[in-house]
Amino acid sequence: MEAAIQTTFGELPALLLSAPDGAQATITLYGAHLISWRGADGRERMFCSAKSALDGSRAIRGGVPVIFPQFAERGSGMRHGFARVSTWRVLESGVEDGWAFAVFGLGAGDLDPKHAQAWPHGFELALRVAIHANQLAMRFEVRNTGGSAFPFAAALHTYHLVDDIATVRIDGVEREELVIADKFDRVYEGVAPPLALVDGSIVLTLRQEGFTDAVVWNPGAADAAALADMADDEYRRFVCVEPALLEGPTLQPGERWVGEYHVS
């Protein structure tokens with residue numbers, strides 16, 4: 001069995017990763033977007049809205065959107081940046097020590113002209129996705145390949161699939177365990193990993209390096225009903241707990257930044 005084969009997800013070209021132990025992941029080239037992750041136990045871990053666009057017309061609602069170079073409206077550019085709506089290249093793939101992996105790349109030359117004009121910097125992004133057993137590892141690298149410095153923000157906006165948001169607990173972001181009863185949107189700066197997402201008998205351990213912050217989000221019933229790409233009751237089936245770097249360093253020419261995220 002090949003570690004990586006070309007496939008489609010909706011209308012989007014994608015890569016299907018398969019580890020020797022049965023773990024699988026699907027990543028679309030549009031956004032280098034991890035849209036499905038099943039551990040060796042066969043259980044799906046990623047939420048994807050049934051109403052999400054899967055034709056490249058807009059960002060995918062679910063999975064792990066790659067946020068760069070701007071978080072939300074914290075800047076003058078497009079909301080959450082252009083990385084999640086750009087088409088990435090597959091740089092390499094294979095199996096290493098039982099882990100199936102693929103590396104995706106995006107550079108200034110890959111951008112739609114409107115994005116390149118709005119953010120005229122030389123850069124190269126690399127996203128490495130690896131799976132093994134019931135573990136997911138993601139590594140996000142930003143390199144300044146141009147002649148001028150630039151500031152940036154970055155995040156891996158993970159939509160964790162859960163049985164029911166009402167019974168989920170999150171440990172590590174507040175002094176006491178966090179329970180989400182309604183719409184919730186909060187930034188936690190300077191978090192000390194690991195964090196834990198407790199969903200019934202399932203406990204996910206979330207570790208991050210390089211990403212100094214964390215964001216927890218769920219739209220609640222009212223906001224979910226107002227979202228065109230989410231069914232009214234789908235808010236109950238996910239929570240976003242995302243590693244983030246909300247105010248990244250100013251990268252000088254030739255410098256790089258690396259953020260890592262591990263879910264087990």
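Which residue in β19 does Phe-140 stand opposite?

Tutor: Phe-140 stands opposite Gly-259 in β19. First, the ground rules. This is a predicted model, where local features need pLDDT of at least 70, side-chain atom pairs count only at pLDDT 80 or more, and totals for chains, interfaces and linings use all residues. Residues are numbered from 1 along each chain as its sequence is written, and side-chain values use heavy atoms, with hydrogens and water left out.

Now the strands around that pair. Strands here are DSSP runs of E with at least two residues, numbered from the N terminus. Two strands pair if DSSP finds at least two bridges between them. Strand β9 covers residues 135-144 and strand β19 covers residues 256-263. The two run antiparallel and are joined by 8 bridges.

Both belong to an open sheet of 9 strands. The order is β6-β7-β8-β9-β19-β16-β15-β12-β13, with antiparallel pairing. The edges are β6 (89-96) and β13 (178-179). Each has a single partner strand, so one side of each lacks a neighbour in the sheet. Strands of a sheet pair through backbone hydrogen bonds, either parallel or antiparallel.

Step across β19 to β16. These two pair in the antiparallel sense over 4 bridges. Arg-207 stands opposite His-262 in β19. Next comes β15, joined to β16 by 5 bridges, again antiparallel. Val-198 stands opposite Val-203 in β16. The hairpin of β15 and β16 has 2 residues between the strands. In this hairpin, Gly-200 takes a positive phi near 65°.

A cavity is a set of points on a 1 Å grid over the protein atoms alone where a 1.4 Å probe fits but cannot get out. Lining residues have an atom within 4 Å of a point. Grid points are joined across faces, edges and corners, and a volume is the space filled by probe spheres set on the points. The structure holds 1 cavity of 30 Å³ or more. About 60 Å³ of space lies in the largest cavity. Its lining is Arg-43, Glu-44, Arg-45, Leu-161, Val-162, Leu-197, Asp-199, Ile-202 and Leu-204. Both β15 (195-199) and β16 (202-209) supply at least two of the lining residues. By class, the lining has 5 nonpolar, no polar and 4 charged residues. Here Ala, Val, Leu, Ile, Met, Phe, Trp, Tyr, Cys and Pro count as nonpolar, Asp, Glu, Lys and Arg as charged, and the others, Gly among them, as polar.

Open space is treated separately. A pocket is an open set of grid points with protein on both sides within 12 Å along at least five of seven lines. The largest pocket holds about 490 Å³ of space. It is lined by 23 residues, and Arg-61, Arg-79, His-80, His-157 and Trp-217 are the closest to its centre. Two elements give two or more residues to this lining: β14 (184-188) and β17 (213-218). The lining divides into 11 nonpolar, 2 polar and 10 charged residues.

The second largest pocket holds about 310 Å³. Its lining has 18 residues, of which Pro-69, Gln-70, Ser-76, Gly-77 and Trp-119 lie nearest its centre. By class these 18 residues are 10 nonpolar, 6 polar and 2 charged.

Strand β8 covers residues 123-132 and includes His-132. Buried means under 20% relative accessible area, exposed over 50%, and partly exposed in between (1.4 Å probe, protein chains only). His-132 counts as partly exposed at 23%. His-132 and Gln-24 are 108 residues apart in sequence, yet 8.5 Å apart in space, C-alpha to C-alpha.

In β4, the bridge partner of Ile-27 is Leu-34. Their open sheet has 4 strands in the order β1-β2-β3-β4, with antiparallel pairing. Its edge strands are β1 (4-9) and β4 (33-38), each pairing on one side only.
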